[in-house]
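Open the model in your viewer and keep the selection tool ready.

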Amino acid sequence: MPPEVSVPSLFQLGYYWEAKIFLTSVKLDLYTPLANGSKSAEQLASEIKVDTDALSRLMDALVSIGLLKKEEDAYANIPQLAEFLVKTSRFYMGELMLLQDAEWDHWGKLEEIVKTGRPAVKDNIFISRPEMGATVSRVLHRMANRVAPALAEKIDLSSYETFIDVGGGGGAFSIAFSKRYPHLKATLFDLPQTLKIALENIEQEGLSDQIHLSEGNFNQGSLPDTYDVVFASDILHYQTDAENAALLQRLYEATNSGGVVIIKDMFIGDDDAEPGWNAVFSIHMMVYSEKGRCFKGKKIREWLTKAGFDNIVEIEKNTILAATKGI
Ligand SMILES: C[S@@+](CC[C@H](N)C(=O)[O-])C[C@H]1O[C@@H](n2cnc3c(N)ncnc32)[C@H](O)[C@@H]1O
């Protein structure tokens with residue numbers, strides 16, 4: 001159902017001031033220096049070397065939004081938020097905001113992109129901006145860690161022996177499936193710069209014997225071997241129609257007879273009247289990558305069928321499709 005629209009909600013939609021105030025507060029990392037107690041604007045400004053008056057106005061705005069509190073002249077963290085905004089916390093989520101902030105200038109080019117159809121950036125972040133790509137991988141890994149164990153429970157891999165995680169990133173899914181199915185021999189396939197992050201995570205989990213890392217480009221040549229389970233999460237939305245059709249063909253070649261392919265992504269609803277939030281995410285991809293976009297589930301079904309897979313089933317609505325390769 002489309003959201004109900006009113007004049008106040010229209011005003012709210014066009015209103016980004018609070019978003020930029022918040023992103024800037026994370027960029028300036030105002031929350032970490034307050035982790036051990038409140039500080040005045042003067043104290044904080046001299047610590048982080050910014051203008052005192054401008055900082056105190058920014059912090060007053062943060063108090064008004066509810067992201068800080070103020071008593072007398074001293075600003076303090078809100079305890080429930082501090083665990084996500086203080087850099088030293090294990091639940092720190094600031095990297096996600098830093099990422100949004102880094103895309104600010106690209107969003108400013110949206111009108112031009114729509115007018116010309118020309119992208120504002122080259123390639124995708126993992127290839128053209130490896131440092132930013134590493135930040136993305138860390139953020140995605142943290143987010144994926146929240147859903148991967150439940151997915152490993154939901155999808156029964158007990159009868160399979162080999163597994164490849166194509167574009168496996170930080171390894172959240174390889175790790176979750178390997179923990180849930182300790183007999184599984186897993187391979188995480190990705191670009192060299194991302195494998196460094198995967199290695200750290202896999203070592204930390206003590207799974208180096210079970211998960212093998214393999215370096216390569218999934219758009220070139222074939223995958224290193226064939227596997228019972230071929231898993232690919234959040235890689236299709238960085239690519240074109242033609243690249244994905246070719247990639248799914250490659251995944252078919254890499255699947256053993258009787259094996260299964262599992263595609264997890266952010267599909268646009270098949271019903272044109274209900275595209276879902278992924279239609280908004282698709283604009284993010286249009287702004288921050290050369291050719292990224294979200295596809296409808298029926299497009300993925302088409303590629304899977306053309307590649308030779310059968311028995312396509314939707315495991316999670318607009319998120320996960322699985323299909324088998326006949327014997
Ligand atoms: C959005 S991340 C998804 C990571 C992980 N699968 C997940 O769902 O959290 C996309 C991943 O694809 C990798 N990647 C992008 N282009 C690639 C290519 N051409 N060959 C191999 N890996 C690629 C990136 O390094 C990154 O780890």
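**Stop one: aromatic rings**

Select W17: it counts as exposed, at 54% relative accessibility (exposed means over 50%, buried under 20%, partly exposed in between, with a 1.4 Å probe and protein chains only). This is a predicted model, where local features need pLDDT of at least 70, side-chain atom pairs count only at pLDDT 80 or more, and totals for chains, interfaces and linings use all residues. Residues are numbered from 1 along each chain as its sequence is written, and side-chain values use heavy atoms, leaving out hydrogens and water.

Y15 is partly exposed, at 23%. Why is the pair of Y15 and W17 edge-to-face? The ring centres lie 4.9 Å apart and the planes meet at 70 degrees, so the pair is edge-to-face. (Rings of Phe, Tyr and Trp, the last by its six-membered ring, pair with centres within 6.5 Å; planes under 30 degrees apart are stacked, over 60 edge-to-face, the rest tilted.)

Next, select W277 and F281. Their centres are 6.0 Å apart and their planes at 45 degrees, so this pair is tilted. W277 is exposed at 57%, whereas F281 is buried at 14%.

Then pick F163, F173, F177 and F231. Ring pairs join them into a cluster.

**Stop two: charges over rings**

Show K20 and W104. K20 lies over the face of W104, 4.5 Å from the ring centre.

**Last stop: the whole chain**

Zoom out. Of the 327 residues, 45% count as buried.

Terms used:
A charge sits over a ring if NZ of Lys or CZ of Arg is within 6 Å of the ring centre and within 35 degrees of the ring normal.
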